[in-house]
Amino acid sequence: MDNNKKTALITGATSGIGEEFARRFGKLGYDLIITGRRENKMKIVADEIKKESNVKVDIIIVELSDEKELENLIKVIENKRIDILVNNAGFGVSNFYDKEHIENFINMEIVHVKVPMRITYTVLKGMIERNDGVVINVSSESAFLPMPQNTVYASTKAFLKIFTEGLNLEVKARGKNIKFQALCPGFTKTDFHEKMGIEKSSQVDRGIIKWRTPKYIVDYSLKMLKKDKVICVPGIENRILIRLLSLLPKKNYEKLMVNFCIKSLKVK
Ligand SMILES: NC(=O)c1ccc[n+]([C@@H]2O[C@H](COP(=O)([O-])OP(=O)(O)OC[C@H]3O[C@@H](n4cnc5c(N)ncnc54)[C@H](OP(=O)(O)O)[C@@H]3O)[C@@H](O)[C@H]2O)c1
């Protein structure tokens with residue numbers, strides 16, 4: 001990939017996986033367009049990247065679940081050349097479907113489904129014309145694992161996975177050189193869980209559950225991108241877990257998940 005004055009657009013680059021992608025593509029010489037909501041933190045991240053990598057960093061503060069704000073973002077990017085897109089912005093809600101405010105789930109569907117669709121649509125035409133580009137959609141290990149109290153999150157992440165696989169087939173069918181990746185991390189040490197009210201102190205390895213760093217996730221993503229791997233699951237433990245659970249008869253899978261929910265998540 002020739003990276004001479006190319007641009008990477010990363011949504012949700014305030015912290016965690018998105019911040020790590022921004023720093024990494026900065027180091028590779030890409031100018032950056034990064035989005036987020038925590039303005040002060042965004043400015044700090046952008047200043048650090050400019051110093052580290054001497055690239056241009058444009059910050060767009062946007063609440064992605066807001067239709068008008070999303071359209072403003074689309075207007076800013078629609079005439080720009082975007083060489084790498086990372087649809088990363090996302091958040092978690094852990095609750096039974098009937099117990100949560102429906103708006104929270106609808107916003108999740110917008111941020112995880114509508115927003116990546118809309119942004120990808122905006123930048124893909126240019127990538128196809130240039131016959132060059134990369135789209136990384138940050139999905140989740142949850143895309144493979146239906147689980148109580150994680151239904152909408154897992155469903156939206158499963159959409160992202162299939163969306164990515166489908167787009168990859170569409171460009172391959174036309175002989176185009178666009179790389180697609182559905183990045184499916186397991187537990188990762190970011191601000192994600194704290195925002196859900198889960199203390200950072202609980203981010204400890206237990207048995208097959210390992211907490212990976214954003215650096216680990218992005219290292220693996222970039223390694224798999226070079227190998228043209230469309231589905232990318234960082235962490236051997238996660239690849240084994242997904243494989244083993246997929247081999248279980250449905251009844252056993254259900255029993256396991258319900259028990260996990262009752263015991264580990266302390267359902268009353
Ligand atoms: N951490 C994990 O264990 C894990 C595992 C699998 C997949 N993932 C996925 O990885 C992606 C990145 O998450 P992370 O773990 O790095 O968490 P994070 O540190 O909380 O970063 C999430 C980013 O998304 C932005 N964002 C969230 N909701 C938004 C909204 N409504 N409008 C605009 N921006 C919004 C946040 O902006 P502000 O902070 O500025 O508000 C932040 O920049 C997410 O899609 C998540 O689902 C995470």
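Modeller: A salt bridge here is a side-chain nitrogen of Lys or Arg within 4 Å of a carboxyl oxygen of Asp or Glu. Bear in mind that this is a predicted model, where local features need pLDDT of at least 70, side-chain atom pairs count only at pLDDT 80 or more, and totals for chains, interfaces and linings use all residues. Residues are numbered from 1 along each chain as its sequence is written, and side-chain values use heavy atoms, with hydrogens and water left out.

By that rule, you get 22 salt bridges. Let's zoom in on Glu19. Its side chain meets that of Lys41 in a salt bridge, 3.6 Å from N to O. Lys41 sits in helix 2 (residues 39–53) and Glu19 in helix 1, so this pair ties together parts 22 residues apart in sequence (helices are DSSP runs of H or I, at least four residues, and strands are runs of E, at least two, numbered from the N terminus).

Glu19 also has a salt bridge with Arg23, at 2.8 Å from N to O. These two are four residues apart in helix 1 (residues 16–27), which puts about one helical turn between them.

As for accessibility, Glu19 is buried at 14% relative accessibility (buried means under 20% relative accessible area, exposed over 50%, partly exposed in between, with a 1.4 Å probe and protein chains only). Arg23 is buried too, at 13%, while Lys41 is partly exposed at 30%.

Zooming back out, Glu19, Arg23 and Lys41 belong to a network of salt bridges that also links Glu48 and Glu52.
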